[in-house]
Protein chains: 4
Amino acid sequence: MRTGVWLVGARGSVATTSIVGALALRSGLTGPTGCVTELPDLRGPALPAFTDLVLGGHDVVTTPLAKRAEALAAAGVLPGRLVAALPDELAAVERELRPAPAGGTQADRAAVTVRDLTDFRRRHGLDRVVVVNVSATEPAARPHPGHADPDALAAALAGGDEVLPPSSLYAYAAVRAGCPYVDFTPSTGLRLPALVALAAERGIPYAGHDGKTGETLVKSVLAPMFAMRHLAVRSWSGVNLLGGGDGATLADPAANAAKVESKQRVLGETLGHLPQGGTRIEYVEALGDFKTAWDLVTFAGFLGTGMRMEFTWHGCDSALAAPLVLDLARLTAAAHAAGHAGPLTDLAFFFKDPLGSPTHSLADQWTRLCGFAHRLHAGGTDAAPR
Amino acid sequence: MRTGVWLVGARGSVATTSIVGALALRSGLTGPTGCVTELPDLRGPALPAFTDLVLGGHDVVTTPLAKRAEALAAAGVLPGRLVAALPDELAAVERELRPAPAGGTQADRAAVTVRDLTDFRRRHGLDRVVVVNVSATEPAARPHPGHADPDALAAALAGGDEVLPPSSLYAYAAVRAGCPYVDFTPSTGLRLPALVALAAERGIPYAGHDGKTGETLVKSVLAPMFAMRHLAVRSWSGVNLLGGGDGATLADPAANAAKVESKQRVLGETLGHLPQGGTRIEYVEALGDFKTAWDLVTFAGFLGTGMRMEFTWHGCDSALAAPLVLDLARLTAAAHAAGHAGPLTDLAFFFKDPLGSPTHSLADQWTRLCGFAHRLHAGGTDAAPR
Amino acid sequence: MRTGVWLVGARGSVATTSIVGALALRSGLTGPTGCVTELPDLRGPALPAFTDLVLGGHDVVTTPLAKRAEALAAAGVLPGRLVAALPDELAAVERELRPAPAGGTQADRAAVTVRDLTDFRRRHGLDRVVVVNVSATEPAARPHPGHADPDALAAALAGGDEVLPPSSLYAYAAVRAGCPYVDFTPSTGLRLPALVALAAERGIPYAGHDGKTGETLVKSVLAPMFAMRHLAVRSWSGVNLLGGGDGATLADPAANAAKVESKQRVLGETLGHLPQGGTRIEYVEALGDFKTAWDLVTFAGFLGTGMRMEFTWHGCDSALAAPLVLDLARLTAAAHAAGHAGPLTDLAFFFKDPLGSPTHSLADQWTRLCGFAHRLHAGGTDAAPR
Amino acid sequence: MRTGVWLVGARGSVATTSIVGALALRSGLTGPTGCVTELPDLRGPALPAFTDLVLGGHDVVTTPLAKRAEALAAAGVLPGRLVAALPDELAAVERELRPAPAGGTQADRAAVTVRDLTDFRRRHGLDRVVVVNVSATEPAARPHPGHADPDALAAALAGGDEVLPPSSLYAYAAVRAGCPYVDFTPSTGLRLPALVALAAERGIPYAGHDGKTGETLVKSVLAPMFAMRHLAVRSWSGVNLLGGGDGATLADPAANAAKVESKQRVLGETLGHLPQGGTRIEYVEALGDFKTAWDLVTFAGFLGTGMRMEFTWHGCDSALAAPLVLDLARLTAAAHAAGHAGPLTDLAFFFKDPLGSPTHSLADQWTRLCGFAHRLHAGGTDAAPR
């Protein structure tokens with residue numbers, strides 16, 4: 001099952017790490033640490049092998065992939081020896097990267113994207129191409145009447161309107177090209193009525209939003225712990241200090257707001273009430289591609305006794321996100337092959353703000369994910385396979 | 001369903017907090033924070049109500065219960081207003097406390113315990129009495145041939161041998177008196193072949209070991225998180241700083257060893273390998289009844305990138321343990337009523353070192369506990385109800 | 001040397017703790033923990049004894065002092081036994097509290113304040129009265145031509161203008177009444193050219209600004225440590241989570257800005273450059289009168305190796321501030337007695353944003369403070385004693 | 001002033017980092033971050049320039065220096081580019097390294113060491129050679145009558161006894177060869193009456209003990225902070241997790257004990273009492289050349305209010321120690337040139353367990369160090385220059 005993985009933001013840190021990692025896995029130069037689809041509970045025949053993945057993508061910048069990989073190696077995100085060992089493989093992916101469509105109307109740019117995707121699929125004889133958005137976080141989208149349904153959208157685009165935020169324009173093109181779509185960012189992406197309806201019409205599965213890589217991952221096990229023990233969480237305050245490109249983007253208050261809201265959701269839904277306190281994101285360039293999050297939880301136990309917990313998470317977002325990008329591409333491809341369409345709510349495990357929000361408890365999300373993978377491997381689905 | 005709760009170590013911090021809490025709940029002076037059996041997923045008709053609980057117990061010390069409660073209030077473990085509001089209720093429990101049997105042979109002391117338990121049951125017209133060991137942690141038991149089976153044990157006791165450690169002598173008496181037994185400590189308790197066989201013979205259910213109240217509770221959600229994300233935990237080091245009676249006891253290296261081993265077990269079994277590092281317990285009197293644990297976890301992500309997490313837990317062990325003591329008494333009483341016998345492995349949720357060790361993941365233990373409670377409430381069991 | 005201490009904000013947490021503490025010290029019910037003027041290096045004959053202090057003050061609220069003290073005891077800030085032991089003494093101070101002047105022009109309110117101060121001094125036969133501002137933090141003052149010099153100020157006040165922020169109106173009245181003035185808050189207070197000139201004219205000493213009680217205290221020893229070791233601090237990020245009245249006030253962005261700026265100053269001046277990162281103040285009501293600050297410092301060592309330090313400070317601001325209020329009252333009174341006038345820059349040890357900023361290193365500030373106290377005790381001064 | 005720096009343990013992590021750093025500084029490839037002798041308050045004409053330092057040393061292992069440097073680069077301790085840029089310089093130092101003398105009696109091995117030192121001095125036309133012990137920590141020395149005075153020592157050595165621990169044998173040889181001696185480790189070194197007397201006789205200055213690089217550095221500013229604020233420290237507990245060679249050595253309980261004692265001394269002497277709690281050192285191989293220390297301080301403020309502080313220090317010991325090794329070599333050489341002999345107590349700033357222990361406050365140590373440097377630069381000394 002030859003599968004294309006088309007990365008929107010293909011020269012960013014997450015994408016570059018995904019690409020180097022996929023190439024290294026394919027060449028047997030590294031093991032699958034961090035890839036959940038390689039755990040015994042999830043792996044199986046329905047998933048495309050790493051050797052079946054073909055990588056490509058769009059980006060607005062043009063820095064050569066090899067340069068980006070070297071920079072990440074220098075920053076401690078990647079082992080330099082992997083970059084040095086894979087020059088031909090990186091050059092091959094470089095040839096599959098396209099400039100992000102620019103100029104003309106949104107309709108024109110969508111058409112270019114559709115053509116890039118279909119060319120990529122044809123050129124490599126791929127069974128399907130999964131589009132994964134790993135570009136920078138956008139501000140919240142401005143409302144537009146064209147968001148309401150496919151016809152309104154078609155009319156607005158035909159009229160030359162700038163109707164969609166960039167992530168949604170990619171989602172639109174993906175659906176039009178028959179490609180499953182994964183949104184790894186908190187951007188709008190496919191979350192507009194017009195696009196949801198279009199994906200349903202075309203039988204396209206999609207997944208999102210916002211890869212769960214650090215502080216929220218920890219919250220998604222600690223909040224259920226407090227809930228299961230009937231402990232009364234009074235406050236939960238967090239601060240995220242980020243360097244790297246993501247940090248700079250999120251320093252923009254508009255983008256920050258979207259992210260922060262998605263980060264606190266897990267608490268309200270798991271605890272049954274929203275505790276006091278908030279989450280802050282701050283840009284600290286000196287931290288480079290690493291992130292430090294600190295959280296303080298105050299809670300009451302039996303008879304009201306006050307207690308507290310704090311944790312610090314020092315993670316490398318790219319190293320945490322990249323294997324999940326590959327996991328999502330594999331699972332979404334398998335879901336498409338099995339005939340799934342619409343939101344893949346069983347992939348909530350991967351996201352801060354999962355579609356359909358069935359649960360925010362990591363353990364419950366894991367149980368759902370295992371069941372989903374099991375059904376894929378067993379060949380069962382509600383829909384006809386393709 | 002009138003249920004006795006007989007506390008071994010009844011004047012200790014955990015027991016005193018349990019007693020004050022049970023009285024306060026019965027009087028409607030406080031809510032059930034920290035009591036998991038009051039969560040929607042667990043509560044139901046099979047459990048005895050707080051108003052149906054009658055408290056008693058043994059202790060080697062004789063400090064009046066009211067004095068112990070006042071000391072705990074001064075230390076911030078309990079609200080002083082509750083102690084002040086419950087003088088008659090505390091006096092009533094005081095009348096049900098007995099000195100720990102002393103003098104004579106172990107057989108003599110077991111006989112006194114059996115008599116105290118049966119008198120208590122008769123005096124209050126109780127359907128059953130659950131014995132809960134909340135006394136200080138013992139050193140590991142010395143082997144004795146009398147541990148092998150009930151006949152060898154009977155012979156050894158008849159011969160006047162000091163064959164059992166104190167926790168096991170209580171477990172023996174409980175079984176002989178037809179009482180379910182819960183071991184909230186890491187002591188030997190019922191974990192001897194002779195006692196296991198005896199409990200099976202008499203149809204007695206039991207639960208243990210070592211209430212999971214702090215650092216291990218956190219480990220039991222974080223370790224599965226790392227496992228589910230396929231992250232490679234390289235080291236997990238912890239230190240526990242404890243004041244209070246438990247701290248002083250655990251400063252004894254023999255007791256410390258038992259506790260530490262039970263604390264690391266969750267890691268090996270959840271992660272599939274034992275990471276580097278260990279757990280230390282240290283006595284710091286100035287911390288009083290509070291405990292501070294600090295853990296450092298180092299782990300590798302995709303392509304080997306090194307990352308780390310640390311957490312600090314500032315908890316009050318008595319406030320965390322006391323509601324679980326009541327939960328365990330209620331659940332074990334209901335299990336006994338439903339005809340369960342032998343180890344209650346579905347209560348693993350409550351313990352650092354659960355009997356039968358079905359799993360060390362808190363989420364999986366929760367799922368089992370919910371199923372168990374559900375079956376109790378539905379009236380179903382494998383055995384005939386009593 | 002009978003000395004009045006007039007507290008602006010006399011029913012606030014800091015003032016109430018200062019009052020209870022002063023009374024308890026006077027009665028021998030407690031020791032001088034936290035009072036630096038009782039350390040061997042500082043104590044001596046020039047300072048008024050605790051038994052020579054007479055307390056009074058203004059407040060806009062009217063909650064009885066005893067009620068405030070009981071509330072602080074319930075919150076764990078004060079031992080309840082002290083409040084219970086001092087009913088008559090608290091009632092005596094209660095009689096010395098006056099409502100903050102209201103109504104009329106600023107000139108009218110200043111006149112009332114001057115009269116309250118002189119009445120207080122006369123009523124108790126005091127050698128002098130030190131005015132200490134411990135009221136809530138104000139937003140930055142709006143410029144007004146009347147700030148320029150004493151004449152402009154007199155004219156503006158005579159014209160009925162609302163020319164001064166409240167803290168400065170108190171400072172004005174203090175100077176007019178011949179009282180030394182201490183600003184324990186980051187508010188404007190005496191920092192206006194008109195007031196500085198007036199204090200110089202009248203020979204009034206004053207001290208400030210912003211008591212250094214928590215995170216900044218720690219910074220003032222850690223930043224010099226990094227500097228003395230020639231380590232290159234790259235980023236220093238902090239978050240302060242506060243409940244209590246101060247927290248609510250500082251949630252106001254205008255007040256927050258003043259405080260935050262004063263908190264970062266120590267870094268730039270000690271390190272020689274301002275590292276990346278900032279300090280946040282957030283209001284978390286559940287923390288009550290306690291404050292949790294977390295700071296992350298990243299730094300480079302030899303050959304650029306990246307390292308990091310983090311600290312968490314869990315402090316009770318009132319308990320940290322109150323003894324310093326007494327220290328400042330004693331030192332400022334002694335300075336006044338010795339003939340000092342103008343800014344007391346040798347008291348920088350006590351402040352986040354010290355007047356004259358001779359140094360931000362706590363150790364250097366300590367050396368200066370010790371020298372100052374030594375000179376006071378030795379009777380030496382540049383000016384004639386009064 | 002051409003100065004030799006003879007490193008005992010010359011292929012260890014600290015020594016290798018010192019060597020690479022000195023070569024890089026000499027070549028202008030790096031700046032002096034971490035070198036306190038390059039701060040404005042300390043630098044001056046009395047100190048040998050980096051270009052005047054010639055490096056050599058002994059080691060029991062024979063791994064090539066370049067290999068050790070590459071390993072440190074791979075571990076993130078050194079930038080690989082520096083190692084790559086200095087092949088000839090490293091080869092030149094390699095030629096100055098000698099195997100640690102082995103075989104024969106201690107007297108024989110001392111003679112070899114003396115000869116190696118004098119050859120080194122003559123070969124390079126050096127004004128003097130400073131011997132710096134950066135080898136692994138030894139267990140406490142066993143008492144021997146030969147430790148009492150120079151004659152007893154001479155007799156014991158002549159008799160073929162193994163009378164001295166290795167660090168002391170090096171100190172003995174250094175003194176015999178007329179070389180100033182610095183002990184950067186907690187080992188015995190020169191701290192034996194016989195050696196102290198011998199150094200006095202020969203007019204040799206020496207410094208030590210135990211470089212202050214991490215947790216103790218922080219303690220030496222925080223403990224004075226608590227003392228200056230008259231806060232009552234109740235407990236101070238610490239844990240040090242170390243990988244690398246030092247960690248493995250210190251896992252030996254005997255060496256651990258020496259180090260731990262030296263780490264707690266600062267508290268007792270600064271606070272005036274020894275708070276509860278202790279310091280642990282644990283070996284965690286996965287941490288590599290980095291060290292994580294965590295400390296919890298609990299303290300009482302005014303009226304007994306309980307508060308707490310914790311800090312985590314993530315440092316690279318080699319990167320912290322190496323520049324101090326160069327600083328100490330420079331300062332000790334200048335002291336020797338200026339005619340100083342005996343213990344250099346003004347260098348306490350650099351050590352956990354300083355000779356003569358004049359003070360454990362970092363700020364006070366800094367003041368002394370600045371005065372010492374100032375006098376050196378001014379040419380003043382009590383003794384005649386050489």
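Predicted model: local features only at pLDDT ≥ 70, side-chain atom pairs only at ≥ 80, totals over all residues.
A salt bridge here is a side-chain nitrogen of Lys or Arg within 4 Å of a carboxyl oxygen of Asp or Glu. By that rule, two salt bridges cross the interface of chain C and chain A.

**Where chain C meets chain A**

- On each side there are 21 residues in contact, 21 from chain C and 21 from chain A.
- Together the two chains bury about 1800 Å², with 57% of it on carbon and sulfur atoms.
- Three residues, Gln276(C), Arg280(C) and Trp294(C), supply 27% of the area chain C buries against chain A, more than any other three.

**Polar links and strands at that interface**

- One salt bridge joins the side chains of Arg280(A) and Glu282(C), at 2.4 Å from N to O.
- Polar contacts between chain C and chain A come to 14 residue pairs.
- On the chain C side, β7 (232-242), β8 (279-283), β9 (290-300) and β10 (306-316) each supply at least two residues.
- Of these, β7(C) gives the most, with five residues.
- By class, the chain C side holds seven nonpolar, eight polar and six charged residues.

**Inside chain A: two domains**

- Chain A is assigned domain 1 (3-210 + 319-379) and domain 2 (215-315), with C-alpha centres 26 Å apart.
- The domains bury about 1600 Å² between them, and carbon and sulfur atoms give 61% of that.
- In domain 1, Thr137(A), Lys352(A) and His360(A) lose the most area to domain 2, together 38% of what that side buries.
- Between these domains there are zero salt bridges and three residue pairs in polar contact.

Definitions and conventions. Residues numbered from 1 in each chain as written. Chains lettered and ligands numbered in written order. Heavy atoms only, no water. Contact = heavy atoms within 4.5 Å. Buried area = accessible area lost by both parts, 1.4 Å probe. Polar contact = N/O pair within 3.5 Å; in protein donor to acceptor, adjacent residues only side chain to side chain. Helix = DSSP H or I, 4+ residues; strand = E, 2+ residues; numbered from the N terminus. Nonpolar A, V, L, I, M, F, W, Y, C, P; charged D, E, K, R; others polar. Domains from an automatic or database assignment.
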